Amino acid sequence: MAALSCAPWNGAQAYLAAAQSDRTYSVVVGRLQFDEGLLPLTEGGDPNELQPSTSIPGTLSGKILEARHFSRRISTDVTLVVDCVAGWCGKVQSGARYLMFVEQGTAGPVLRVTPCGDFIFPDGSAVRRQVLDCHRGVNCQPE
């Protein structure tokens, strides 16, 4: 049996990875809504039958990071791309609040949900502070 090992990852690391990427990201704090029944099933199934990624339509509402704060309200459609690796898939809950790095794709906003949760975090003051510090150029220390 294989095991998936995810290295510790925080808001500063995600911010730096997004800033260094050739893709364009928006940082959003808000609520994600989608049909959880469309998530890939990993329990009790054959991991070899899982698709490497599953696209799920959803909506995102919250505040987007602008010059200094999460200030501008947004409500938009988003495509969740849930990635699976060796039987492990990214997990999110509909209705939960997250801090998300949303890719600005050619067909609209995309939120990639990986088994290690690289660009989506449960909303909380610690991760917000890390991202805001990086954005303001104050203290952007990956741990």
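Q: Where does glycine 108 sit?
A: Glycine 108 lies in strand β6. Bear in mind that this is a predicted model.

Q: Is glycine 108 buried, exposed or partly exposed, and why?
A: Glycine 108 counts as partly exposed, because its relative accessibility is 21%. The cut-off for buried is under 20%.

Q: How far is glycine 108 from valine 127 in space?
A: The C-alpha atoms of glycine 108 and valine 127 are 25 Å apart. In sequence, 19 residues separate the two.

Q: Back up a bit. How many helices and strands are there in the chain?
A: The protein chain has 2 helices and 7 strands.

Q: In what order do the elements run?
A: Starting at the N terminus, the order is α-β-β-β-β-β-β-β-α.

Q: What about the core? Which residues have the most contacts inside the largest nonpolar one?
A: Those are Leu32, Leu60, Leu80, Val92, Met100 and Leu111. This largest nonpolar core has 22 residues.

Q: Which elements give two or more residues to this core?
A: Five strands are listed: β1 (25–34), β2 (53–65), β3 (70–85), β5 (97–105) and β6 (108–113). The largest share, 5 residues, comes from β3.

Q: Let's go back to leucine 60. What does leucine 60 touch?
A: Leaving out residues up to four places away in sequence, leucine 60 touches Val28, Arg31, Leu32, Ile74, Ser75, Thr76, Val78, Met100 and Val102. Of these, Leu32 and Met100 are also on the list of residues with the most contacts inside the largest core.

Q: Overall shape now. What does the radius of gyration say?
A: The protein chain has 15 Å. A compact globule of 143 residues would come out near 15 Å, so the value agrees.

Q: And what does the C-alpha trace span?
A: Along the principal axes, about 45 × 30 × 30 Å.

Q: How much of the chain counts as buried?
A: 40% of the 143 residues.

Q: What about the accessible surface?
A: The accessible surface comes to about 8,300 Å². Carbon and sulfur atoms hold 49% of that.

Q: Last one, charges. How many positive and negative ones?
A: There are 12 positive and 14 negative charges. Their mean positions are 13 Å apart.

Conventions:
Residues are numbered from 1 along each chain as its sequence is written. This is a predicted model: local features need pLDDT of at least 70, side-chain atom pairs count only at pLDDT 80 or more; totals for chains, interfaces and linings use all residues. Side-chain values use heavy atoms; hydrogens and water are left out. Helices (H or I, at least four residues) and strands (E, at least two) are DSSP runs, numbered from the N terminus. The radius of gyration is taken over C-alpha atoms; the globule rule is 2.2 Å times the number of residues to the power 0.38. Buried means under 20% relative accessible area, exposed over 50%, partly exposed in between (1.4 Å probe, protein chains only). Accessible areas come from the Shrake-Rupley method with a 1.4 Å probe; for residues, only the protein chains shown count as cover. Lys and Arg count as positive and Asp and Glu as negative; His and the chain ends are not counted. The place of a charge is taken as NZ of Lys, CZ of Arg, CG of Asp or CD of Glu. A nonpolar core is a set of buried Ala, Val, Leu, Ile, Met, Phe, Trp, Tyr and Cys residues joined through side-chain atoms within 4.5 Å. Contact means heavy atoms within 4.5 Å.
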